[in-house]
Amino acid sequence: RDVIGNWLNKPYAKALVLTIFVIYLGFASWGVTNLQEGLEKKRLSRFDSYSVDYYNVEDEFFREYPFRINVVVSGALDYSSVEVQNDMEELLSKLENTTFIDPLYTES
């Protein structure tokens, strides 16, 4: 306690600790910017398992839009009515025209 405390009170020790901390912050910032999010499911299987091929094909063909979004309209509606059908088509076209939904992948 007395030896380390006396040493840390010296100006060159403070400069050394501060320099090491700044270097640490630099590496931490670099690490955060290179952090990749996600889980590679094929790494959960053995390299010679058939599931690795499945995960590769799944990533190749279903990676861009993996989840479906369902829109539920609640309430009692008469779907045989032309007005209700037009309202549903209008709702779908409004959803397709947003930047969050690709109209290529919608069903009506």
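This is a predicted model: local features need pLDDT of at least 70, side-chain atom pairs count only at pLDDT 80 or more; totals for chains, interfaces and linings use all residues.
Figure 1. Between the C-alpha atoms of isoleucine 4 and glycine 26 the separation is 26 Å, the two residues being 22 residues apart along the chain.

**Figure 2. The nonpolar surface patch.** Isoleucine 4 is also one of the members of a nonpolar patch on the surface, together with Val3, Trp7, Leu8, Tyr12, Leu16, Val17 and Ile20. The accessible area of these residues together is about 800 Å². Two helices, α1 (2–8) and α2 (11–33), each contribute at least two residues to the nonpolar patch. Valine 17, which lies in helix α2, has a relative accessible area of 42% and is therefore partly exposed.

**Figure 3. Lysine 14 in helix α2.** Lysine 14 is located in helix α2. With a relative accessibility of 48%, lysine 14 is classed as partly exposed. Its C-alpha atom is separated by 20 Å from that of phenylalanine 27, a residue 13 residues apart from lysine 14 along the chain.

**Figure 4. Helix α3 and its two faces.** Helix α3 comprises 13 residues, residues 50–62. The distance from its first C-alpha to its last is 18 Å, close to the 18 Å expected at 1.5 Å a residue. Ser51, Val52 and Tyr55 are the buried residues of α3. Viewed down the axis of α3, these buried residues fall within an arc of 105 degrees, and so they line one face of the helix. An α-helix has 3.6 residues a turn, so residues three or four places apart point the same way. On the face of α3 turned away from the buried side are the exposed residues Tyr50, Asp53, Glu60 and Phe61.

**Figure 5. The salt bridge between arginine 46 and aspartate 48.** The model contains 2 salt bridges. In one of them, the side chains of arginine 46 and aspartate 48 meet at an N to O distance of 3.1 Å. Arginine 46 and aspartate 48 are both exposed. Side chains of opposite charge can pair when their charged atoms come close.

Figure 6. Lysine 94 and glutamate 90 are joined by a salt bridge in which the closest N and O atoms are 3.4 Å apart. Both residues lie in helix α4 (residues 82–96), where they are 4 residues apart, about one turn of the helix. Lysine 94 has a relative accessible area of 51% and is exposed. Glutamate 90, at 40% relative accessibility, is partly exposed. The two residues fall into separate classes because exposed requires over 50% relative accessible area.

**Figure 7. Setting of the close-up views within the chain.** The protein chain has 4 helices and 0 strands, giving the pattern α-α-α-α along the sequence. The radius of gyration of the protein chain is 29 Å, well over the 13 Å given by the globule rule for 108 residues, so the chain is more spread out than a compact globule. Along its principal axes, the C-alpha trace spans about 85 × 40 × 25 Å. Of the 108 residues in the protein chain, 6% are buried.

Conventions: Residues are numbered from 1 along each chain as its sequence is written. Side-chain values use heavy atoms; hydrogens and water are left out. The expected span of a helix is 1.5 Å times one less than its number of residues. Buried means under 20% relative accessible area, exposed over 50%, partly exposed in between (1.4 Å probe, protein chains only). The arc is that of the directions from the helix axis to the C-beta atoms. Patches are made of residues with over 30% relative accessible area and no salt bridge: like charges are joined within 9 Å, nonpolar side chains (Val, Leu, Ile, Met, Phe, Trp, Tyr) within 5 Å. Accessible areas come from the Shrake-Rupley method with a 1.4 Å probe; for residues, only the protein chains shown count as cover. A salt bridge is a side-chain nitrogen of Lys or Arg within 4 Å of a carboxyl oxygen of Asp or Glu. The radius of gyration is taken over C-alpha atoms; the globule rule is 2.2 Å times the number of residues to the power 0.38.
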